[in-house]
Amino acid sequence: MQDRKIAIQVSHLKKKYKLYAHNRDRVIDALGLSRKPRYTEHMALDDVDMTIYKGETVGIIGTNGSGKSTILKIITGVLTPTSGEVKVNGRISALLELGAGFNMEYNGIENIYLNGTMIGFTEKEIEARMDSILSFADIGEYIYQPVKMYSSGMFMRLAFAVAINIDPEILIVDEALAVGDVFFQAKCFHKFEEFKEQGKTVLFVSHDLSSISKYCDRVVLLNQGHKLGEGDPKEMIDIYKQVLVGQYDPDAKKGTAKVPERVNKAPVNKETLEYGSLKAAIVDYTILDNQGNPNSTIMKGTGCTFRMKVRFNEDVKAPIFAFTIKNKYGVEITGTNTMFEKAFLEPVSKGDVKIISFRQKVDLQGGEYLISFGVTGYEGENFTVYHRLYDVMNMTVVSGKNTVGYYDMNSKVTIEDAGSRQQN
């Protein structure tokens with residue numbers, strides 16, 4: 001990494017906001033009419049460091065209020081930091097919150113020129129890119145209407161089309177792809193792949209963890225204004241999931257999952273991530289093949305059973321049992337739970353032991369997969385994790401025929417002779 005060029009350098013970044021209970025307090029404070037502060041301070045960012053190298057695609061994840069959007073706005077110059085420093089090497093194109101950088105009274109064409117000029121392009125340079133922008137936006141005659149008349153989908157199409165077609169060296173996107181139909185989203189992600197191939201830098205915030213896992217080289221995890229960690233997408237996503245349920249322990253180490261009653265000795269991942277309140281504990285787990293034998297190698301097209309044994313250490317009103325399958329990149333391929341399946345919605349008592357089996361046909365493409373097990377539930381309106389074992393074991397799917405994507409659709413192909421007509 002030392003020889004790579006830095007695109008964005010964030011050093012000891014802090015952003016402090018003054019929060020007022022009433023507008024009159026803001027006026028009194030601005031006029032200096034009170035000796036005592038009439039506000040509370042909120043640190044949106046607190047001593048955050050971050051280095052992004054040219055050519056990387058980096059994701060930023062975190063709960064609402066963690067500082068994700070704030071740091072992007074400071075990097076793009078929309079906000080001024082309270083302290084700290086940001087250095088940017090390269091021309092930035094940013095797609096932040098809906099409406100940023102657009103004049104709602106201007107039509108689409110006028111806004112294209114406005115945005116291009118703000119970034120530093122001449123009118124001739126904007127004209128040279130106009131066809132590409134209009135083609136990507138694909139909003140037809142609406143391009144000549146004031147943007148205040150646009151739907152959120154049309155607005156985002158135009159904003160994204162401008163952002164990616166002005167030849168940026170650094171593209172910054174804040175949750176923008178949540179807007180728009182699936183075809184537009186696919187087109188945007190295809191552009192991400194093109195940018196990666198061209199060696200450009202992409203920094204984006206998203207709650208779509210599958211996209212984060214698939215497209216990012218690294219991930220930065222923020223929580224309540226602090227940088228909780230950065231690194232491999234899969235690792236950061238696992239930590240983020242713990243943060244979401246309030247069960248992240250920074251001192252916990254991977255590979256310490258304890259399953260003292262295990263009977264089936266299937267290979268266990270030494271990097272298993274385990275957490276939970278342990279009101280219920282997963283004490284055994286395995287994969288059974290089509291003959292009912294413990295076996296982590298499954299033939300594609302056959303049936304298998306994901307099974308776990310759970311001991312309850314306290315009364316639980318309505319436990320939810322789950323399993324998940326990920327690929328080796330950490331992308332969740334599929335999974336289910338007893339709540340989705342409406343299979344078990346009953347209370348259990350302290351000391352009860354349950355064996356849960358998920359039986360199904362395996363049509364995954366051949367390859368290696370990671371299996372996770374969990375038991376969760378709701379206490380009042382609060383979602384609670386009793387015990388989770390992330391990526392605790394692997395499953396190998398053996399296939400003689402792989403098709404496109406993650407699953408085989410088991411297509412049945414027929415070809416009929418429709419006849420031919422001889423032309424004179």
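Reader: What makes Thr297, Ile298, Met299 and Lys300 count as being in contact with Val398?

Author: Contact means that heavy atoms lie within 4.5 Å, and, once neighbours within four places in sequence are left aside, Val398 is in contact with Thr297, Ile298, Met299 and Lys300. Val398 and Thr297 are 101 residues apart in sequence, while their C-alpha atoms are 7.1 Å apart in space. This is a predicted model, in which local features need pLDDT of at least 70 and side-chain atom pairs count only at pLDDT 80 or more, while totals for chains, interfaces and linings use all residues. Residues are numbered from 1 along each chain as its sequence is written, and side-chain values use heavy atoms, with hydrogens and water left out.

Reader: Why is Val398 called partly exposed?

Author: Buried means under 20% relative accessible area and exposed means over 50%, with partly exposed in between (1.4 Å probe, protein chains only). Val398 has a relative accessible area of 34%, and is therefore partly exposed.

Reader: Why is strand S14 described as largely enclosed?

Author: Seven of the eight residues of S14, which covers residues 320–327, are buried, so the rest of the structure largely encloses this strand. A strand here is a DSSP run (E) of at least two residues, numbered from the N terminus.

Reader: How do you know that S14 and S15 pair?

Author: Two strands pair if DSSP finds at least two bridges between them, and S14 and S15 (residues 332–337) are joined in the antiparallel sense over five bridges. Phe323, for instance, has Thr336 in S15 as its bridge partner.

Definitions and conventions: Helices (H or I, at least four residues) and strands (E, at least two) are DSSP runs, numbered from the N terminus.
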